[in-house]
Amino acid sequence: MTPAVPLVLLGLVDAAFSGFRAYAGRDARIRKRRATARASLRGLATGAGLLLAPALAAALLLLATPDRSGMYDSLAAGGFGYLLPLALYATAVLLSLAAYFLLPFRASTLAMVIGLGPLTLLRPVVIAAACLGALLNGGGWPALLIGTLAGAAALAVEPAVHRRWYGDVLRP
């Protein structure tokens, strides 16, 4: 089994949330589902483009090495090490989202403040832990390189979407 599919899915879902976060709080309208969906799609498209960098780097590593089987095994081991911290983080985010959507108003607001807010701030730390996991799980420098590129791409989605579409929303 390869960890590539769950990693790509996590990356794309994170990109959609990043697009939403780039837009969140920028519009005073009460009904803004279309704008929220548009922001999420913008994040998804931006993230899909940025996540091509680690995919292309992995493909180049596999094509350039004389021992493709060894390189694939190294990248797969690193991918599983990268996936573990991200899966734990995604579980915490899903639990916070479930609390936000299922609890009454005050409790859901509390879930947002003590759950999703701090979890958003922890994203760089989780990505650093994932990179370390890729290295320590036997992926070596190739998995660390791909993990670092993927982490940089994931962290770049929100600022890119904000700068491209929402940077001038609050300016006079």
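Which residues does Y82 touch, not counting residues up to four places away in sequence?

**View 1. Surroundings of Y82.** Not counting residues up to four places away in sequence, Y82 touches L7, I127, A130, C131, G133, A134, G147, A150 and G151; contact means heavy atoms within 4.5 Å. The model is predicted: local features need pLDDT of at least 70, side-chain atom pairs count only at pLDDT 80 or more, and totals for chains, interfaces and linings use all residues. Residues are numbered from 1 along each chain as its sequence is written, and side-chain values use heavy atoms, with hydrogens and water left out.

**View 2. The largest nonpolar core.** This core has 15 residues, and Y82, L86, Y89, V93 and I127 have the most contacts inside it. A nonpolar core is a set of buried (under 20% relative accessible area, 1.4 Å probe, protein chains only) Ala, Val, Leu, Ile, Met, Phe, Trp, Tyr and Cys residues joined through side-chain atoms within 4.5 Å. Two or more residues each come from α4 (68–102), α5 (105–121) and α6 (123–166); helices are DSSP runs (H or I, at least four residues) numbered from the N terminus. The largest share, eight residues, belongs to α6.

**View 3. Helix α3 against α4.** Helix α3 (residues 52–64) packs on α4 at about 150 degrees, with axes 8 Å apart. Axes are lines fitted to C-alpha atoms over the stretch in contact, and angles run from 0 to 180 degrees between N-to-C directions. The two helices are therefore roughly antiparallel (over 145 degrees). A58, L61, L62 and L63 of α3 meet R68, M71, Y72 and L75 of α4.

Technical notes. Buried means under 20% relative accessible area, exposed over 50%, partly exposed in between (1.4 Å probe, protein chains only). Angles under 35 degrees count as roughly parallel, over 145 as roughly antiparallel, 65 to 115 as roughly perpendicular and the rest as oblique.
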